[in-house]
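Below is what I looked up today, in the order I got to it.

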Amino acid sequence: MSPLTVALINDYEVVVQGLAAMLRNYRDRVEIVELDANTSVNCPVDIALYDSFANPQGDSFRVHELAANPLVTDAVIYTWNFDEQSMARAFENGVHGYVAKSLTAGELVDALESIHRREQLVHPARKASSKIIGGDWPGREEGLTQREAEILALITQGLSNAEITEHVGLSINSVKTYIRSCYRRINVTSRTQAVLWGVNHGFVPDRSRQYGDDA
């Protein structure tokens, strides 16, 4: 059987490169044909894997465009957010599958193959672990978790706490908790300092986009 052709989608080059590195030992089953710091796919692919890091959720217009792209057979969300209502809206939006970031590289490949065969469309976190394994993210070398890094990326992009809660599907209290823990890790005490730190440490997207597109 020919390997699945896959496009990796995220606004941050470090994220898509990290995913590509994660899958490097599975080239006989997965062929990475595009690494896109946007949601455009320019050649036919079996799967467009949409990494949710600092990206609009699966029910956004941006994801609808990706799922509707005639060059994409299956649009798959790679995320830790498995809220049932969000997933239902995403599938209504044209998404073909959901995959958890706690899966190992081998489990991720198994999940993508299963989705493409229409056997199992949702592959949630393993019960034994909620640890985020996959890929890479800005600030990892500074000790930031992926969730903390995502919140900081959105702060750096100018989103308010209320906008962040809508963006990532977390409660306002959870967002505030991640902000506090993030500030402690990077040794800042204000939003202005956090933004400056983010700008200087790779938290500006490699491709800019307008959030109004998803309204």
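This is a predicted model: local features need pLDDT of at least 70, side-chain atom pairs count only at pLDDT 80 or more; totals for chains, interfaces and linings use all residues.

I began with Ala-54, which counts as buried because its relative accessibility is 0%. My cut-offs, with a 1.4 Å probe and protein chains only: buried is under 20% relative accessible area, exposed is over 50%, and partly exposed is in between. Ala-54 sits in the loop between strand 3 and helix 2. Its phi is positive, about 55°, although Ala-54 is not a glycine. For the element names, helices (H or I, at least four residues) and strands (E, at least two) are DSSP runs, numbered from the N terminus.

Residues are numbered from 1 along each chain as its sequence is written, and side-chain values use heavy atoms, with hydrogens and water left out.

I then checked Arg-118, another residue other than glycine with a positive phi, this one near 65°. I found Arg-118 in the loop between helix 4 (105-116) and strand 6 (122-123). Arg-118 counts as partly exposed because its relative accessibility is 44%.

Next up was helix 2. Which of its residues are buried? I get Arg-62, Val-63, Leu-66 and Ala-67. Looking down the axis of helix 2, I see these buried residues fall within an arc of 135°, so they line one face of the helix. That arc is taken over the directions from the helix axis to the C-beta atoms. Strand 1, strand 3 and strand 4 are among what covers the buried residues of helix 2.

That took me to strand 4 (residues 72-79). It is largely enclosed by the rest of the structure, because 7 of its 8 residues are buried. Ile-47 stands opposite Asp-74 in strand 4. From strand 3 the chain goes through helix 2 (residues 61-68) to strand 4, a right-handed β-α-β crossover. Right-handed here means that, with the strands pointing away from the viewer, the path from the first strand over the helix to the second runs clockwise.

On to strand 5 (residues 97-100), which pairs with strand 4 in the parallel sense over 4 bridges. Val-76 stands opposite Gly-97 in strand 5. The chain gets from strand 4 to strand 5 through helix 3 (residues 84-92), and this β-α-β crossover is right-handed.

I also looked at Thr-5, in strand 1 (residues 4-9). Buried or exposed? Thr-5 is buried, at a relative accessible area of 18%. Leaving aside neighbours within four places in sequence, I listed Glu-31, Val-33, Pro-44, Val-45, Asp-46 and Ile-47 as its contacts, where contact means heavy atoms within 4.5 Å.

Last, the domains. An automatic or database domain assignment supplies the bounds: domain 1 is 4-123 and domain 2 is 140-201. Their centres, taken over C-alpha atoms, are 24 Å apart. How many residues of domain 1 are in contact with domain 2? I have 10 residues of domain 1 touching 11 residues of domain 2.

Note on methods
Two strands pair if DSSP finds at least two bridges between them.
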